[in-house]
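I set out to record what I looked up in this model, entry by entry.

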Amino acid sequence: MSSQIDHLLNETRQFAPSAEFADNAIATREMYAEAKADREAFWADQARELLTWSTPFTQVLDWSNPPFAKWFADGKLNVAYNCLDRHVEAGNGDRVALYFEGEPGDSRAVTYAELTDEVKRLSNVLIDLGVGQGDRVAIYLPMIPEAIASMLAVARLGAIHSVIFGGFSADSLRSRIDDAGAKVVITADGGYRKGRVSPLKPAVDQALSDRGDGEQATVEKVIVVNRCGNDVDWVEGRDVWWNDLVPAASNEHVAQGFEAENPLFILYTSGTTGNPKGILHTSGGYLTQATYSNRVVHDLHPESDVFWCTADIGWITGHTYVTYGPLSNGATQVLYEGTPDSPHPGRWWELVQKYGVTVLYTAPTAIRSFMKMGREVPEQFDLSSLRLLGSVGEPINPEAWMWYRHVIGGDTAPIVDTWWQTETGAIMISALPGITETKPGSAQVALPGISIDVVDEKGNDVGDGNGGLLVITEPWPSMLRGIWGDPDRFVETYWKMFQDKGFYFAGDGARLDDDGDVWLLGRVDDVMNVSGHRLSTAEIESALVGNEAVAEAAVVGASDETTGQAVVAFVIIKESYLKAHKADGLAQTLRLWVGEQIGPIARPRDIYIVGELPKTRSGKIMRRLLRDVAEGREVGDTTTLADTAVMSTISRQVK
Ligand code: WTA
């Protein structure tokens with residue numbers, strides 16, 4: 001099979017930054033040259049300038065045993081100290097770290113001094129419960145300040161956190177707690193979601209109970225945050241209330257330095273097998289790239305910006321751009337507990353107005369769901385404080401990009417489309433605001449200090465104008481250090497394919513345009529082969545969403561007797577379109593539209609109009625399930641879907 005991916009869609013619009021933005025931008029054009037001249041020296045400079053080390057490092061990169069990298073290995077630092085104490089010591093204790101907004105409308109501003117105090121108390125509590133360097137602590141909490149305090153307190157002790165998204169079930173929780181061998185779990189009675197109390201403690205109780213192979217063996221204590229006041233079951237001797245322990249604990253705790261390679265966290269991500277895949281990140285390199293990328297990509301001016309990354313802390317985006325990046329930079333950010341449309345569809349925009357958010361970082365799936373609702377919703381709020389917009393998690397199609405720019409960014413805020421992964425730890429490919437002329441739909445170029453390529457299956461560069469496999473060609477500071485407990489799987493999954501070249505293969509297809517800018521084409525597992533042409537899901541989806549009727553689209557390849565595979569599309573129609581038009585004949589119109597936009601080869605054989613698409617809890621479309629429907633098979637495992645009912649609805653709609 002050829003790795004060449006055909007390129008069909010042409011997008012030529014380009015937007016230069018305003019002179020004012022460029023003048024005040026943190027990133028500089030020189031950074032590219034500097035990093036290119038001496039990559040390791042560049043990272044060493046970032047690590048020294050951006051972080052405070054208790055023992056300065058003298059070694060930069062140790063790549064003597066690839067793919068197991070060590071960065072800044074003889075240096076020591078405390079990650080929590082870097083995110084908290086040093087800002088207080090610098091006189092910024094009164095600066096707001098978190099503008100917390102609960103879903104019911106309760107709000108609380110937490111300063112750096114207050115957050116530091118809370119983290120010190122919690123650290124003392126954890127010490128009393130026997131947590132020390134290298135111990136694992138599972139965190140299963142809503143998006144509340146205690147969640148961030150918990151991550152930082154664990155980090156402060158040199159222990160390892162494993163944050164598990166609050167929407168995961170007892171089974172997922174159990175397998176993750178078992179895999180990490182967690183000693184303590186921090187949870188809450190519940191959190192608020194969609195106007196209701198969503199209990200959390202019962203899932204922890206279930207997870208720790210006998211689920212067929214005995215009671216969970218490693219957890220000794222469960223700390224329970226009092227959030228909703230809902231009734232909870234209690235296991236004497238195991239369960240303790242946060243409110244009984246933390247306020248009463250001493251707020252004196254001196255942060256100790258740990259080696260740069262001391263593990264910081266495990267974050268589970270879906271793999272191809274049923275075993276949870278615990279991605280392991282360490283301290284010094286991770287914090288360096290988190291701090292650096294947040295500064296240059298989000299143009300973060302800590303003294304004046306109000307940053308808002310909408311990701312849950314259960315995902316890598318929440319780890320790097322809610323907890324570690326913004327706090328290490330000493331910035332002010334918004335932390336919102338609830339869903340975007342609760343209690344009303346304009347909730348996010350109301351928060352942008354209320355807090356004067358200047359930099360917003362969110363996902364294309366959210367942008368498209370706002371497009372579906374219509375621009376009337378955001379237009380009711382004053383969004384003029386926004387000066388920079390970011391996107392992460394999936395390819396953002398040009399139409400969504402343009403809508404984001406126009407409706408949310410008032411045609412002036414630059415957009416940075418940022419490509420990265422749980423495994424990369426921090427942003428790898430992105431425009432630099434104030435420097436790059438942005439192109440709708442392109443992630444553009446590797447950050448200064450990062451080396452990537454688009455290659456064929458032998459690892460040879462495909463050259464500008466061509467599509468292929470996205471690889472990372474040199475180690476980077478925030479790279480994953482392994483899969484928890486499974487070094488062989490780490491080598492096999494990410495390094496085997498281009499072993500002789502030492503490239504990391506990301507699993508994504510990408511294209512380089514004539515300027516060398518990167519366009520992500522989706523996961524290579526999803527690439528379709530139609531009559532020998534390798535077509536990307538992202539481009540056809542993009543063409544569909546380019547039609548005025550379409551809010552969202554997912555495209556899969558279904559086996560076809562004549563063409564090998566045929567394109568099958570599932571589309572959601574915009575509410576505003578349905579108000580003004582009939583849906584009759586729309587599928588045919590859209591088939592022709594795709595043919596006109598990118599060529600007859602890409603024209604879908606079937607188009608199904610559906611109400612929802614199957615998405616994971618982090619908003620990624622699960623094309624595997626749609627392929628089952630398109631090929632008339634029994635639908636496979638749906639347990640990782642955000643809403644498991646979606647697939648039966650779609651199967652019915654398709655029949
Ligand atoms: C996809 C999220 C296109 C990609 C930070 C990657 C993207 C996977 C982009 C990682 C983007 C992420 N454009 N695709 N800007 N950002 N992806 O681990 O397929 O949840 O491999 O990390 O999301 O998802 P993860």
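**Entry 1. Terms and model.** Before reading any bridge partners, I note that two strands pair if DSSP finds at least two bridges between them. I also note that the model is predicted.

**Entry 2. Strand S22 and its partners.** I looked up strand S22, residues 467-472, and found it mostly covered, with 6 of its 6 residues buried. I then followed its pairing. Strand S21 (residues 452-455) is joined to S22 by 4 bridges, and the two run antiparallel. Within this pair, Asp453 has Val471 of S22 as its bridge partner. S22 is also joined to strand S24 (residues 504-512), by 5 bridges and again in the antiparallel sense. Here I recorded Gly467 opposite Arg511 in S24.

**Entry 3. The open sheet.** Next I traced the order of an open sheet. Its 8 strands follow the order S12-S11-S8-S6-S7-S14-S15-S23, with mixed pairing. Strand S12 (239-241) and strand S23 (482-483) are at the edges with a single partner strand each, so one side of each has no neighbour in the sheet.

I then stepped along part of this order. Strand S7 (residues 160-163) runs parallel to strand S14 (residues 263-269), and 2 bridges join them. In S14, Ile266 stands opposite Ser162. S14 pairs in turn with S15, in the antiparallel sense and over 6 bridges. Ile266 also stands opposite Leu280 in S15. Leu280 has Gly482 in S23 opposite it.

**Entry 4. Cover on strand S15.** Is S15 buried or exposed? I found that 6 of the 6 residues of this strand (residues 277-282) are buried, so S15 is largely enclosed by the rest of the structure. In a regular strand the side chains alternate between the two faces of the sheet. I therefore checked each face of S15 in turn, reading buried as under 20% relative accessible area. Lys277, Ile279 and His281 are buried on one side, and Gly278, Leu280 and Thr282 are buried on the other.

**Entry 5. Helix H11.** I looked up helix H11, which has 14 residues (residues 284-297). From its first C-alpha to its last it reaches 20 Å, close to the 20 Å expected at 1.5 Å a residue. H11 is mostly covered, as 13 of its 14 residues are buried. Just after H11, I noted a positive phi of about 45 degrees at Asp299.

**Entry 6. Backbone exceptions.** Most residues other than glycine have a negative phi, and most peptide bonds are trans. I listed departures from both patterns.

- The peptide bond from Pro66 to Pro67 is cis, with omega near 0 degrees. Pro67 is placed in the loop between strand S1 (61-65) and strand S2 (68-71).
- The peptide bond from Ser342 to Pro343 is cis, again with omega near 0 degrees. I located Pro343 in the loop between strand S17 (332-336) and helix H13 (347-355).
- Phe72, a residue other than glycine, has a positive phi near 55 degrees. Its loop lies between S2 and strand S3 (76-77). Phe72 is buried, at a relative accessible area of 0%.
- Asp411, likewise a residue other than glycine, has a positive phi near 65 degrees. Asp411 is in the loop between helix H16 (398-408) and S20. Its relative accessibility is 37%, and Asp411 counts as partly exposed.

**Entry 7. The ligand.** Which residues are closest to the ligand? I counted 16 residues around the ligand, the closest being Asp417, Thr418, Thr422, Asp508 and Arg523. By class, this shell has 6 nonpolar, 5 polar and 5 charged residues. Helix H12 (316-328), strand S20 (415-418) and strand S25 (518-523) each supply at least two residues of the shell.

A nitrogen atom of the ligand lies 2.7 Å from an N or O atom in the side chain of Asp417. An oxygen atom of the ligand is 2.9 Å from an N or O atom in the Asp508 side chain. For the side chain of Arg523, an N or O atom is 2.8 Å from an oxygen atom of the ligand. On its own the ligand has 520 Å² of accessible area, and the protein covers 89% of it.

Conventions
Residues are numbered from 1 along each chain as its sequence is written. This is a predicted model: local features need pLDDT of at least 70, side-chain atom pairs count only at pLDDT 80 or more; totals for chains, interfaces and linings use all residues. Side-chain values use heavy atoms; hydrogens and water are left out. A residue is near a molecule or strand if one of its heavy atoms lies within 4 Å of it. A polar contact is a pair of N or O atoms within 3.5 Å; within protein, one must be able to donate a hydrogen and the other to accept it, and residues adjacent in sequence count only if both atoms are side-chain atoms. Accessible areas come from the Shrake-Rupley method with a 1.4 Å probe; for residues, only the protein chains shown count as cover. Ala, Val, Leu, Ile, Met, Phe, Trp, Tyr, Cys and Pro count as nonpolar, Asp, Glu, Lys and Arg as charged, and the others, Gly among them, as polar. The expected span of a helix is 1.5 Å times one less than its number of residues. Buried means under 20% relative accessible area, exposed over 50%, partly exposed in between (1.4 Å probe, protein chains only).
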